[in-house]
Structure formats: C-alpha cells, structure tokens
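Grab a pencil and work through these exercises with the model open beside you. Try each task before you read its solution.

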Amino acid sequence: MKKPYAKETICIQSGWKPGNGEPRVLPIYQTTTYKYDTSEQMGRLFDLEEDGYFYTRLQNPTNDCVAQKICELEGGVAAMLTSSGQAANYYAVFNICEAGSHVVLSSTVYGGTFNLIAVTMKKMGISCTIVDPDADYETLCQAFQENTRCVVAETIANPALVVLDIEKFAKAAHAHQVPLIVDNTFATPINCNPFQWGADIVTHSTTKYMDGHAMCVGGAIVDSGNFDWSLYPEKFPGLCEPDESYHGIIYAEKFGKEAYIRKATVQLMRDLGSIQSPQNAFLLNVGLETLHLRMPRHCENAMKVASFLENHEKVAWVNYPGLKSSKYYELACKYMPNGTCGVISFGLKGGRHAAEIMMDKLELAAIVTHVADARTCVLHPASHTHRQMNDEQLKEAGVNPDLIRFSVGIENAEDIIADLEQALAAI
C-alpha cells in the first residue's frame with residue numbers, strides 16, 4: 001500500500017490533478033452551469049444516479065478540488081466548502097437536527113457560533129444545553145437528553161483559547177450515540193487532527209489561517225466517515241429514511257461513509273445556497289499551499305510575544321496554551337505537540353480603559369474584526385465580536401471584559417514586541 005503523503009506535500013499537491021496538457025495551476029471554473037448532450041444524462045445527475053456537475057450552487061470543480069485538499073489534510077472521507085465559517089457550522093448542525101432536536105454546546109465557542117445555536121436555531125425549534133468544556137465527564141454527561149443529536153465544540157476556543165479535551169467530549173458523545181462536531185479553525189489540521197482523537201465531523205472558517213491573507217470569506221465541513229448513522233435510524237431519520245425530494249433515496253444506504261456530506265450538499269446547499277464562490281476557492285487554495293509554512297511561524301512568534309507580555313509589569317494576566325503557566329498547557333501538549341495557534345489573549349492592570357489606550361497607540365498591529373492571518377491584529381471582544389453578550393454570558397464564554405485578543409502575524413517577532421512595548425508605555 002502506498003505511503004500517504006505528509007501534510008506539507010498535501011498542501012502543495014492535493015486536490016487538482018492536471019492531466020496531459022492541462023493547466024498546472026488549479027483553474028477557476030467561473031460558470032454557473034454545465035452542458036450535457038442528452039436530457040437523459042442530465043436527469044441521471046438530478047436523480048443522484050451519476051456523478052457530475054450541473055449547477056454551481058451545488059458543486060463546482062474548483063471548489064471540489066479545494067475541498068478534497070482540506071479533506072486529506074484532516075484525514076476525512078468527504079468534505080464540502082461553504083460561503084463562510086458560520087455557514088459551515090450551521091450546515092454541520094442542521095444536517096442532522098430539526099425542530100425538536102437538542103444540541104450540547106461548549107460554552108466557550110466563538111460568539112457568533114454561540115449566538116447561532118443558542119439564539120437563532122432556538123427560533124427554529126432546536127434547543128441546546130451549554131456546558132463548561134472543563135467539566136468532568138460525569139457532569140458533561142448530565143447535559144445529554146433523549147433528543148440530543150450532536151455535541152459542538154472548538155479545538156481552541158476563540159477568543160478564550162480553551163483547549164478542548166477531545167477524547168473526553170468524544171467519549172461522552174458516543175456514549176449517548178451522537179457525533180462530536182469540532183471547529184478546528186485556530187489549530188488547523190497542521191497542528192491538530194481531531195479525527196485521531198474521536199471527533200466525527202470537523203468544521204473550519206477557512207477565512208482565518210487557511211486563507212491566511214484576509215482575502216476571502218469561506219468555510220468547510222469535513223466528515224471522518226467513522227460515525228455509523230445507520231446504527232441509530234430513529235435519531236437520524238434524515239440520513240436513514242427515504243428523502244422524498246430525491247425519489248426516496250436513503251443517504252446512509254446509497255452513499256455509505258459519504259452520506260453526511262452528500263446530504264449536506266444535495267439537500268442543504270440546494271435549498272439554502274451558501275456556496276463558496278469559485279474565485280474565493282481559488283484564493284483559498286493559494287493560501288493552503290503555504291499553510292504548513294505559516295503555522296509554525298505564527299506559533300513561534302506567539303510564544304515570544306506571550307513570554308514578553310507575561311513578564312511585563314503593566315500586564316495583569318496572559319492566556320496562551322503554549323505557556324507552561326497556562327492551565328491548558330498539558331492538553332495542548334497532548335493534542336497539539338507541534339504548536340497551537342498564533343492568537344494570545346491578555347488583560348492589563350488598568351482594565352478596560354487601559355486596553356483602549358494601548359490599542360489606539362499600536363502602529364504595526366491593526367484594530368480589525370479579523371483574526372488569524374499573516375498580519376498582526378488586535379481586538380477587544382467585549383466591545384466588538386462579543387458585544388451582544390452581557391457580562392455573565394461573557395464570563396461563561398471565558399471572555400473577561402478586559403480581554404484583549406492579540407493575533408500574532410508572521411512579521412519579525414522583535415518588531416511586534418517593540419510595537420507592544422511602545423503602546424504599553426503610553427498607559
């Protein structure tokens with residue numbers, strides 16, 4: 001059996017496989033539709049009896065090549081791209097949930113994801129129970145109900161930087177016959193492969209490190225193929241019972257290990273339409289080709305910056321999983337031995353007001369909503385990304401009101417530290 005390629009090689013070589021005389025670089029299939037010679041062949045495509053392309057809202061060759069690359073990086077069996085990370089998380093949950101379903105949700109997930117599941121999906125009849133990711137196994141199990149259909153968490157929480165005990169969450173999910181969905185945006189498959197630790201489905205905001213240059217919004221869903229939906233037909237009727245909108249197809253029977261992604265593609269993408277544009281998929285692929293080079297630099301720089309902040313007299317606290325002082329250091333070493341991410345959170349002794357002064361004085365680091373790209377940037381979540389939460393919800397999410405999210409780029413580390421030093425001097 002041929003030895004699988006290393007991640008570095010997958011980043012460069014996977015996805016697009018040019019034939020003789022074809023373009024060496026992944027082409028942009030900038031088309032909405034595809035021509036066929038016979039009506040019969042088009043009909044077979046619509047009946048899912050034959051693979052092919054007929055409308056870009058469902059599938060596009062550029063997108064599929066990029067999805068395949070991400071799939072191989074994660075070690076999954078099937079993947080799809082979406083228009084954003086938010087769309088990826090929505091599809092990942094809604095693909096197996098409906099009105100009356102219940103979700104177990106880690107309290108420290110990104111604020112947008114928290115609001116999506118706890119507020120918006122609640123209006124759709126899907127309830128959730130919020131759990132502390134640091135809770136022990138027995139406490140975690142108490143959150144499950146008869147109608148629980150999945151567990152949702154993040155490998156590294158944004159911006160709380162909580163490192164998930166993936167094995168604990170996977171054990172609890174599987175004990176209750178449901179899959180574990182993990183957002184792996186911050187760690188990326190370069191630093192963590194959740195499938196190796198029992199996760200069943202992985203999502204990404206490809207907008208972040210995968211793109212790496214703040215050029216295009218996007219998302220991805222990858223299925224491990226390890227969760228056997230057919231064992232629990234009463235829990236997952238959408239996968240195990242006939243879909244009348246596709247002439248009675250039973251996805252779990254017809255597509256086997258690819259059933260989950262196939263259903264999300266031909267049903268959810270068909271009806272909701274959050275497709276990633278081929279142009280954005282092309283740009284994402286360019287970013288993926290250097291992901292294996294950028295992530296080690298992000299982590300190296302972040303360690304230097306975190307160490308500097310930890311020893312600064314005006315800094316009250318620093319949270320970075322790579323620091324030995326972090327409560328998540330051991331989990332980080334277990335699940336991400338080669339590094340975690342380039343994001344640091346910290347607070348100043350002067351509190352929220354001091355944070356505002358310091359951020360306004362930064363010259364190299366920019367105040368932006370974005371995070372996790374090549375350029376260093378900073379944000380105050382309580383005032384920006386998490387401003388819809390009250391103080392109690394912020395604390396539950398691991399976001400202190402004084403928390404500064406500092407995304408360390410791949411510039412020279414000493415220049416980043418000098419910028420911080422002069423900004424801190426202004427307090």
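A polar contact is a pair of N or O atoms within 3.5 Å; within protein, one atom must be able to donate a hydrogen and the other to accept it, and residues adjacent in sequence count only if both atoms are side-chain atoms. Helices (H or I, at least four residues) and strands (E, at least two) are DSSP runs, numbered from the N terminus. You're looking at a predicted model, where local features need pLDDT of at least 70, side-chain atom pairs count only at pLDDT 80 or more, and totals for chains, interfaces and linings use all residues. Residues are numbered from 1 along each chain as its sequence is written, and side-chain values use heavy atoms, with hydrogens and water left out.

**Exercise 1.** Find which residue caps the N-terminal end of helix 17, then work out where the buried residues of this helix lie.

*Solution.* 
- Step 1: Start at the N-terminal end, where N412 is the cap: one of its side-chain oxygens sits 2.8 Å from the backbone nitrogen of E414.
- Step 2: Pick out the buried residues (under 20% relative accessible area; exposed is over 50%, partly exposed in between, with a 1.4 Å probe and protein chains only). They are A413, I416, I417, D419, L420, A423 and L424.
- Step 3: Look down the axis. These buried residues fall within an arc of 155 degrees, so they line one face of helix 17 (the arc is that of the directions from the helix axis to the C-beta atoms). An α-helix has 3.6 residues a turn, so residues three or four places apart point the same way.
- Step 4: See what covers that face: helix 13 (291–310), strand 9 (343–348), helix 15 (351–361) and strand 12 (404–407) are among the elements there.

**Exercise 2.** Sort the residues of helix 15 into buried and exposed, and say what the buried ones pack against.

*Solution.* 
- Step 1: The buried ones are G351, A354, A355, M358 and M359.
- Step 2: Their arc around the axis is only 130 degrees, which puts them on the same side of helix 15.
- Step 3: The buried residues pack against strands 9, 10, 11 and 12, plus helix 17.

**Exercise 3.** Is H370 buried or exposed, and what does it touch?

*Solution.* 
- Step 1: Look in the loop between strand 10 (366–367) and strand 11 (377–379).
- Step 2: H370 has 18% relative accessibility, so it counts as buried.
- Step 3: Contact means heavy atoms within 4.5 Å. Leaving out residues up to four places away in sequence, H370 touches T207, K208, A214, C377 and R405.
- Step 4: The side chain of H370 reaches the backbone oxygen of T207 at 3.4 Å.
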